[in-house]
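Q: I want to learn to read a model like this one feature by feature. Please show me the structure and take me through it.

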Amino acid sequence: MNAASPPSAEVSHRPQAAGERPPQPLLKVENLKVHFPFARGPIWNRHRGVVRAVDGVSFEVFPGETLGLVGESGCGKSTTARAILNLVHPTAGHVYLNGQRIDGLNDQAMLPYRRQIQMIFQDPFASLNPRMTVGAIISEPMKIFNLGTEHDRRLEVLRLMELVGLNPRFLNRYPHEFSGGQRQRIGIARALAVQPKLILCDEPVSALDVSIQAQVINLLMELQQRLGLAYVFIAHDLSVVRHISHRVGVMYLGRIVELATADELYARPRHPYTQALLSAVPIPDPAKERKRQRQVLRGDVPSPDREYPGCSFADRCPWAEPRCTQSPPPLEGQPHPAACFVANDPRSPRRQ
Amino acid sequence: MTETEQPPALPSTQSAELQRYERLLAEAEQIQGISLWRDAWRRLRKNRVAMISLGYLIVLSLLAVLTPLLPLQPPRQQITKLAFQAPTASPLFIREYKIAENEPAENPDEPLPTQAKIDADGFGPLNWFDRSLLAARRAIFGEWCFNSICGRDRLGRDLFARLFWGARVSLLVGLVATLVALVIGVSYGAIAGYLGGRVDNVMMRIVDVMYSIPFIFVVIFIISILNTEDVKALMAKWGIDRLTVFFLVVGAIFWLTMARVVRGQVVSLRNEQFVEAARVIGASRRRIIFRHVVPNLLSVVIVYLTLTIPQVMLFEAFLSFLGLGVERPDVSWGLLANEGVEVITPVRTVWWMVVYPGLALAMTLFALNFLGDGLRDALDPRMKNR
């Protein structure tokens, strides 16, 4: 089991982390589970169950790096982010920020950690209070943490607005007077206001036009360079994730099925799900695109309210073997960890 | 936390560009954004019917508040020899009738039992505010007042003056009872919506149950009880007048819809991303409610308020019409219409006693409904840029 060594090895080839390696990860998530109980049907015939939104996710994020999380809708990417921030309480597992456990803290106890870990939301139209001015929105976190005087906060808002590429003269404007991309910049400025070290980006560009997506992605990368931020970047757009991430985790039904550096993952996907996912990415070249071999998966994403004794992907997997439905495959293997018995079996002909 | 020391200052104040930021701030203060309220006002202003209604309501409210200042005849002054005088506008202004000219009531079994209490002036008991307005009026207009341009009732009281004095009661009932409904409904709905889950379920089922009770009968029942002499004496002892009870009773009915509306809004707002964003930046529950939820609730509440006032006024008129609402000698529009209907006989139709109070009521209800509709359109974010 060498799942622990690859992440640190990958950190070393990033420009920021060259030389000395940080002793501990900024964020460490261990076997995180978020289960939502539900009850359906009339009282006399109640069917109770559990939606396993996140079912045993582990990863580490080091200072200054970007960890991408990809997966299709409903695979638990956003819930993972919300659980890290204690917006939903994790059912099991631990979350460590700078080595300190933060999972399951109540709002009061969580407050000091919110200065280090912030979030950018998916929908820039819904994530800004329509009744507040931009200045009030960006300065609210500073107000809550009681940073600076009222006047200083306003100056700081101006600095932040410039930093994210907004015209600071529009301090007193309201969100509805801005475009989608500009609003997302407001959201970024709000996240930056308390000078966090880690920002969870929950599909920050999926609601934006493609041309605007590039601008926001580039802004995020530029801010990372300047401020040394770490990101957990959640998206379902594989090319976006590849562009911004140092390492990428592929999620399927509440679990990480493969975790590797971005280049490695895209060059040599090991898990059959990752391979299918990557084969679906269109190539921006008509000639190549026509020749592209697509690997179409059978069936639908199974419902997360079922419990799978084995690999949750087994139903749809082209490689599935009897052992796949018996016990869950661990996330392990070389050159990077993948949760697949077949891929990790040295005798298997499928092994790459 | 690893770093325990408070950061000395925000990065902007340490930067070399502090001067430039100060300058920018001064510049930025000049530019004012268009808030959703201003935006809504701009849309409302384009709606001519709503603006006319708003103007009418403002004028009406002003006149109602300043009624004692207006040159009107005393609303309770009975001039029996002029009973059922038809509307006349010539001359437009007359001198006030002196009490001495007034003949004693011919009818001993008078249907208005409180007649004896009426002030010699014909104004009834007034508070200090109304008394000072009345004094100001005497100073400005002297003895002059409007002729009976809306006619007179069976006791020779001037209907025009009574319409104005009735407006005070009608509007007050509409406003106060609606505010009672607002306070109960908003708090109930907000609590149910914010707490959610089982509490929400139980609270809203209670509302459902109360919805199914035919409230008109309940109100009639309650007011009939209040009308019995024992209860009246008890209420007088406790200093509660009938109008107060009326506010409470009507408010207690109309809060139901308010609670539902508010609860629905709170539930949807609670799941908005900006509320989640506020939690991420560490906003306290109180801050979330007052800074993020309530301001977004306000537009719905305002619309519902303007649409509830006419309902309440109509309900008051309905009860007064049945003789269960406002108590004589107070007047309200519903009561005036009731008096008008009482004196209709096959031989003589005193049309003005029905038409004018009805008209006043109808116009006000129309205006409130138009304004409510206009506000709903103006405050709807989907109507943006129209």
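A short tour in questions and answers follows.

Q: What should I know about the model and its numbering?
A: This is a predicted model; local features need pLDDT of at least 70, side-chain atom pairs count only at pLDDT 80 or more, and totals for chains, interfaces and linings use all residues. Residues are numbered from 1 along each chain as its sequence is written, with chains lettered from A and ligands numbered from 1 in the order in which they are written.

Q: In what order do the six strands of the open sheet in chain A run?
A: Strands are DSSP runs of E, at least two residues; helices are runs of H or I, at least four; both are numbered from the N terminus. Two strands pair if DSSP finds at least two bridges between them. Here the order is E6-E7-E8-E3-E9-E10, with mixed pairing. E6 (117-120) and E10 (255-261) stand at the edges with a single partner strand each, so one side of each has no neighbour in the sheet.

Q: In which sense do E7 and E8 of chain A pair?
A: Parallel, over five bridges. E7 covers residues 198-202 and E8 covers 230-235. A:Asp202 has A:Ile234 in E8(A) as its bridge partner.

Q: Is helix H4 of chain A mostly covered or mostly exposed?
A: A residue is buried if 20 or more other C-beta atoms lie within 10 Å of its own, exposed if 12 or fewer, and partly exposed in between; C-beta atoms are placed from the backbone. H4(A), residues 134-144, is mostly covered, with eight of its eleven residues buried. Among them are A:Ile137, A:Ile138 and A:Met142. The buried residues pack against H5 (150-163) and H6 (180-192) of chain A.

Q: How do H11 and H12 of chain B cross?
A: Axes are lines fitted to C-alpha atoms, for helices over the stretch in contact; angles run from 0 to 180 degrees between N-to-C directions. The axes of H11(B), residues 273-280, and H12(B), residues 285-321, come within 10 Å and cross at roughly 150 degrees. The two are therefore roughly antiparallel (under 35 degrees is roughly parallel, over 145 roughly antiparallel, 65 to 115 roughly perpendicular, the rest oblique).

Q: Which residues of H11(B) and H12(B) meet?
A: Contact means C-beta atoms, placed from the backbone, within 7 Å. B:Phe274, B:Val275 and B:Ala278 in H11(B) meet B:Ile288, B:His292 and B:Val293 in H12(B).

Q: How many residues of chain A are in contact with chain B?
A: 39 residues of chain A contact 34 residues of chain B. H5(A) gives the largest share of chain A's side, seven residues.

Terms used: Contact = placed C-beta atoms within 7 Å.
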